[in-house]
Amino acid sequence: MLFDSSIRKELGRSFGATLVVLITVVMTMMLIRTLGQATKGTVSPSDVMLVMGFTVLGQMSTILTLSLFVAVVGTLSRMYRDSEMAIWFASGQGLASQLKPILRFAWPIVVTIAVLGLLVWPWSNQQIQELRSQFEQRSDIDRIAPGEFQESSDGTRVIFIDKDSVSDKSASNIFLVEQRQGREYVTSSKTAQLQTIEDQRNVVLTEGQRVETDQATGQIKLTHFDKYTLLLEPASAAQTNLTARALSTTALLQAPTAVNLAEAGWRAGLPLAALNLLVLALAITIVNPRAGQSTSLVVALLAFVVYYNLMSMGQSWVASGRISLPTYLLGMHGGIFAIAAIGLTIRHNRWHLKDLWQRREVTA
């Protein structure tokens, strides 16, 4: 009982500290990345904090998994370094016996990882995709920067408005160039007013002229107008086509395409990976007095990176139809569990290759 309580308390302290550090690092990285996207025009500058928050929330399952793995490795390394493990081994506590208190501490976190992966991950991706889609599908008037030539969303128009005379609904000194059906239209007007007519957004130009040029024949037609209405787009936003990452887990299973099954396999593998890493932490954590104190942590981080890269590779194989979803889950996560369990068994029984070879010779 004393062994269980002491190791769980230390795991709690280590996990909390690691989680705070990782969240801070990830938030900083996501802020820099989102600011870069806003600079490139893929994200609205006003939505930077929202996109960053949704991104961090979607990555929380990975952050929790890594925090738990690092906490277990760090705690065990400290116990080896301070000779506490020798005391527990001398009292009859083997290495495998530490798996029970670790699982008691980790099971709420593993459940949280499963909830985040199956429910929160697709929801956060859906929110990010909708924010980006709304920004990309904004009207041509919303794209206009006063004093600059701005291309429309479909690339058929270039518009310029006066820098010092723009408001939310009106502008002055407008210059517009359009290309459609082999003709070029150059329109200029003194003022413009944005109006919504029958659920369609229109711009009403006044006191201007329009030059129509047939690009095939070179024929030019000049028209003067007092009022001219130009259709921009429907007022209602276009529907957003959600990717597999933004679909709910239920929707993925209801439409079992290769891409959807690959995404479902990735989500289902997150809690499995967390459990496998707990067993792997017991198998690989050891402190060599002649090596650096962070050797086990470096090995653990390398194992984590390799594991997640293998998961991504397996997901791509399922999406391309090279392997089935059951084969991916059983081969990837079952294989890692088998390797971790064999390693833990060898260390728990203190088997060495030399001893096993001698036993084989005696048996022979």
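Helix H1 supplies eight residues to the lining of the largest pocket, the largest share of that lining. A pocket here is an open set of points on a 1 Å grid over the protein atoms alone where a 1.4 Å probe fits, with protein on both sides within 12 Å along at least five of seven lines; lining residues have an atom within 4 Å of a point. Helices (H or I, at least four residues) and strands (E, at least two) are DSSP runs, numbered from the N terminus. This is a predicted model, in which local features need pLDDT of at least 70 and side-chain atom pairs count only at pLDDT 80 or more, whereas totals for chains, interfaces and linings use all residues. Residues are numbered from 1 along each chain as its sequence is written, and side-chain values use heavy atoms, with hydrogens and water left out.

The largest pocket contains about 550 Å³ of space, a volume being the space filled by probe spheres set on grid points, which are joined across faces, edges and corners. Its lining comprises 25 residues, of which Met30, Arg33, Thr55, Gln59 and Arg245 are the closest to the centre. Two or more lining residues come from each of helix H1 (2-40), helix H2 (48-58), helix H3 (60-81) and helix H5 (99-136). By class, twelve of the lining residues are nonpolar, ten are polar and three are charged. In this division Ala, Val, Leu, Ile, Met, Phe, Trp, Tyr, Cys and Pro count as nonpolar, Asp, Glu, Lys and Arg as charged, and the others, Gly among them, as polar.

The strands come next. Strand E1 (residues 150-151) runs antiparallel to E2, to which two bridges join it; two strands pair if DSSP finds at least two bridges between them. In this pairing Glu151 stands opposite Val158 of E2. E2 also pairs with strand E3 (residues 170-180), in the antiparallel sense and over four bridges, and there Ile159 stands opposite Leu176 of E3. In a regular strand the side chains alternate between the two faces of the sheet. Buried means under 20% relative accessible area, exposed over 50%, and partly exposed in between (1.4 Å probe, protein chains only).

Six salt bridges are present in the structure, each defined as a side-chain nitrogen of Lys or Arg within 4 Å of a carboxyl oxygen of Asp or Glu. In one of them, the side chains of Arg78 and Glu10 meet at 2.3 Å, N to O. This pair links distant parts of the chain, with Arg78 in helix H3 and Glu10 in helix H1, 68 residues apart. Arg78 counts as buried at 18% relative accessibility, as does Glu10 at 15%.

A salt bridge also joins Glu178 and Arg210, whose closest N and O atoms are 3.7 Å apart. Here, too, distant parts of the chain are linked: Glu178 lies in strand E3 and Arg210 in strand E5 (residues 200-214), 32 residues apart. Glu178 is buried at 2% relative accessibility, and Arg210 is buried at 10%.

How are Glu207 and Lys190 joined? They form a salt bridge, with the closest N and O atoms 4.0 Å apart. Glu207 lies in strand E5 and Lys190 in strand E4 (residues 183-197), so the pair ties together parts that are 17 residues apart in sequence. Glu207 is exposed, with a relative accessible area of 52%, whereas Lys190 is partly exposed at 48%. Finally, salt bridges that share partners join Arg183, Glu212 and Asp214 into one network.
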